[in-house]
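Dear colleague,

I am passing on a structure that you have not worked with before. Please have a look at it, and then read the notes below, which go through what was found.

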Amino acid sequence: MDAAGSAPAGRALVRPPGPRLAEGIVTHAARRPVDVELAARQHDAYVAALRAAGWHVRGVAPADDLPDAVFVEDALVVSGDLAVLGRSGAPSRRGETTGAERAARELGLRVERIEEPGTLDGGDVLDVGGTVYVGRGARTNEEGICQLARLLGGRKVVPVDIRGCLHLKSAMTALPDGGLIGVPEMVDTSVLPCLQVVSEPEGAHVVVLGLGHVLMAASAPRTAARLAADGLRVTSVDISEFEALDGCVTCLSVLVPGPRRDRGANRTSQHPDAGFRNADGIC
């Protein structure tokens with residue numbers, strides 16, 4: 001979920017793409033051929049970016065028979081010392097939790113799980129400060145959200161209806177200062193505080209690597225330039241083969257923060273062209 005702000009940043013769980021990657025589920029992207037060898041190189045570069053930012057990378061056991069298993073975020077939600085195993089709304093993906101559970105236990109995390117009839121993908125869970133936003137759509141249902149809220153023990157959980165996208169984090173993520181960034185047409189903005197409107201849809205996908213440092217896809221150059229102008233350090237990686245499968249930079253890892261330190265007032269300034277929207281429109 002949210003990343004720590006100083007080195008050592010914490011641990012990052014990743015799972016390498018398997019030989020059947022090209023058979024992965026495509027829901028919203030136009031199906032096209034996927035170059036599995038190129039995807040492997042792109043994944044290596046993604047992992048290298050995490051390491052360069054101070055994250056200790058740990059591999060989740062490969063699941064070569066499960067084409068979508070590289071999108072490890074969907075199998076596991078981590079909050080503090082708690083790891084919640086998801087139960088995907090896509091039945092073919094439910095086997096991915098086995099390796100994720102083993103990795104969570106190896107990290108010493110307490111493990112719980114979403115039970116039938118609940119469904120929940122980790123890509124629908126965005127932890128921002130004291131609030132956990134959870135996308136309600138094809139992969140995550142109301143029962144799954146209720147179960148997650150109980151497991152999180154009283155934390156504020158806000159369901160967010162999504163449309164035209166696979167997961168909540170396909171449409172909205174958060175910046176290091178906690179501000180939300182995304183595509184307002186894809187989320188119910190009535191339940192959100194202000195949302196910074198991105199310059200291109202791929203700009204909605206931000207991984208916080210540390211204080212003032214974010215990871216983004218190379219397919220969002222305009223948003224990256226705007227965030228850099230606001231004072232953020234932006235690392236961009238090419239993940240085109242994963243984007244062909246509705247993937248984004250958040251999907252490819254589960255970040256488990258290290259001990260928190262004072263993060264200070266690392267507020268990014270508002271770019272003069274940035275739009276913000278809540279239930280009443282632009283603000």
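Before the details, one definition is needed: a residue is called exposed when its relative accessible area is over 50%, buried when it is under 20%, and partly exposed in between. Please also keep in mind that this is a predicted model.

I would start with helix 1, which runs over residues 36–52 and, with its 17 residues, reaches 24 Å from its first C-alpha to its last, close to the 24 Å expected at 1.5 Å a residue. Buried in this helix are Ala39, Gln42, His43, Tyr46, Val47, Ala49 and Leu50. Seen down the axis of helix 1, these buried residues fall within an arc of 155 degrees, so they line one face of the helix. On the other side of helix 1, Glu37, Arg41, Asp44, Arg51 and Ala52 are exposed. Both ends of the helix have something to look at: at its start, a side-chain oxygen of Asp35 reaches to within 3.1 Å of the backbone nitrogen of Glu37, and just after the helix, Gly54 takes a positive phi of about 100 degrees.

Next come the aromatic rings, where the count comes to 1 aromatic pair. Phe71 and Phe242 form this pair, which is edge-to-face, with 6.2 Å from centre to centre and 85 degrees between the planes. Phe71 lies in the loop between strand 2 (55–59) and strand 3 (76–79), whereas Phe242 belongs to helix 6 (residues 240–243), so the pair ties together parts that are 171 residues apart in sequence. Both Phe71 and Phe242 are buried.

Glu116 and Pro117 are joined by a cis peptide bond, with omega at about 10 degrees, and Pro117 is placed in the loop between strand 5 (110–113) and strand 6 (125–128). Asp246, although not a glycine, has a positive phi of about 65 degrees; this residue sits in the loop between helix 6 and strand 15 (254–257) and is buried, with a relative accessible area of 13%.

Lastly, Thr131 lies in strand 7, which covers residues 131–136, and at 12% relative accessibility Thr131 counts as buried. Leaving aside residues up to four places away in sequence, Thr131 touches Leu126, Arg155, Lys156 and Val158.

Notes: Residues are numbered from 1 along each chain as its sequence is written. This is a predicted model: local features need pLDDT of at least 70, side-chain atom pairs count only at pLDDT 80 or more; totals for chains, interfaces and linings use all residues. Side-chain values use heavy atoms; hydrogens and water are left out. Helices (H or I, at least four residues) and strands (E, at least two) are DSSP runs, numbered from the N terminus. Buried means under 20% relative accessible area, exposed over 50%, partly exposed in between (1.4 Å probe, protein chains only). Contact means heavy atoms within 4.5 Å. Rings of Phe, Tyr and Trp (its six-membered ring) pair if their centres lie within 6.5 Å; planes under 30 degrees apart count as stacked, over 60 as edge-to-face and the rest as tilted. The expected span of a helix is 1.5 Å times one less than its number of residues. The arc is that of the directions from the helix axis to the C-beta atoms. A polar contact is a pair of N or O atoms within 3.5 Å; within protein, one must be able to donate a hydrogen and the other to accept it, and residues adjacent in sequence count only if both atoms are side-chain atoms.
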